[in-house]
Amino acid sequence: MFGVESVSEEWADYGFRELYLTWNGEPVPWKAIVRDGKLVHIASRQYKLLPNEIALKAADRVAKDIGAEKIKEFLDPYGRLYALYDMKIEAEPIRNVRTRLGIYVYNSVNGELAFGASVLSILSRGAETFYSFLPYRFLTAYLSPDAAIAIVREPHRPGLTTDIEEIAKKLLNLVDRGREALGIYRLWAEIQLDKDLAEVLWDRLPKAYLPNYIRAMRDGVTLMELVTVWDAYVDICSRIWRGKNSGREATIDRKIELYRMLHNALPKPKE
């Protein structure tokens, strides 16, 4: 039967205990992560716990130091963290849409997410402001090596830093390098949306998040006005964030998944 060989209380101040397990008195390569008496995760002994609150403290410190603003946080003490920040770095408007650089930080204590941070784009069109989460894989495929390496994604393995100061340095480097990511948008603004891409979007994304002209183009209708890849991107991002036409508002996890699907569907810009 299962037993406990030893208990780590490294994160006892946050309510965590890590119980290293045995089976019939013999050590097994697993541990139980418990918070406030509630089982959070059964993990490998190599799993490196990083409390969501530590990741949040590091991100909040960077935001305070550079005059950024926290937009929103989604924190489950027994699960996932997402925190969104406005870096107050604005780019030139693109086709009447204003863009600003943000970052989003994510983590989990139950094995569902690595610790990481990536670029959040803040889009404003008229009085409407909404967001787009730029996925790790998309950015590393597009950005220059120096900028791509600043995108933070670290599995919960030995070597993951849990020091607030060290985490803050990584996040600050992302802010310094992240503005390059907004250049993707200007390139998309130069690419006209065509029937082939409309078909790809139609096939890969839920129909509720697609503007009407996507279906029209897929059906061979010629539009009276020019629509660029950027225009379609903005319209779809607005629908994802606001949950328009989706029946009910999606969870933050579902929204991030939809943004990933969108970026995977769009062409990789070329200089």
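1. The model contains an open sheet of four strands in the order S1-S2-S3-S4, with antiparallel pairing. Strands here are DSSP runs of E of at least two residues, and helices are runs of H or I of at least four, numbered from the N terminus; two strands pair if DSSP finds at least two bridges between them. The edges are S1 (2–8) and S4 (38–44); each has a single partner strand, so one side of each lacks a neighbour in the sheet. On average, neighbouring strands of this sheet are turned by 35 degrees against each other, direction ignored (axes are lines fitted to C-alpha atoms).

2. This is a predicted model, in which local features need pLDDT of at least 70 and side-chain atom pairs count only at pLDDT 80 or more, while totals for chains, interfaces and linings use all residues. Residues are numbered from 1 along each chain as its sequence is written, and side-chain values use heavy atoms, with hydrogens and water left out.

3. S3 (residues 26–35) pairs with S4 in the antiparallel sense over six bridges. Tryptophan 30 stands opposite serine 44 in S4.

4. Histidine 156 lies in the loop between strand S10 (152–154) and helix H4 (164–178). Its relative accessibility is 7%, so histidine 156 counts as buried (under 20% relative accessible area, 1.4 Å probe, protein chains only).

5. The side chain of histidine 156 makes a polar contact with the side chain of asparagine 107 at 3.1 Å (N or O atoms within 3.5 Å, one able to donate a hydrogen and the other to accept it). A polar atom of the histidine 156 side chain also lies 3.4 Å from the backbone oxygen of serine 108.

6. Leaving out residues up to four places away in sequence, histidine 156 touches residues including Gln46, Tyr47, Lys48, Leu50, Leu113, Ala114 and Phe115 (heavy atoms within 4.5 Å).

Technical notes. Axes fitted to C-alpha atoms, helices over the stretch in contact; angles between N-to-C directions. Buried < 20%, exposed > 50% of the residue type's maximum accessible area, 1.4 Å probe, protein only.
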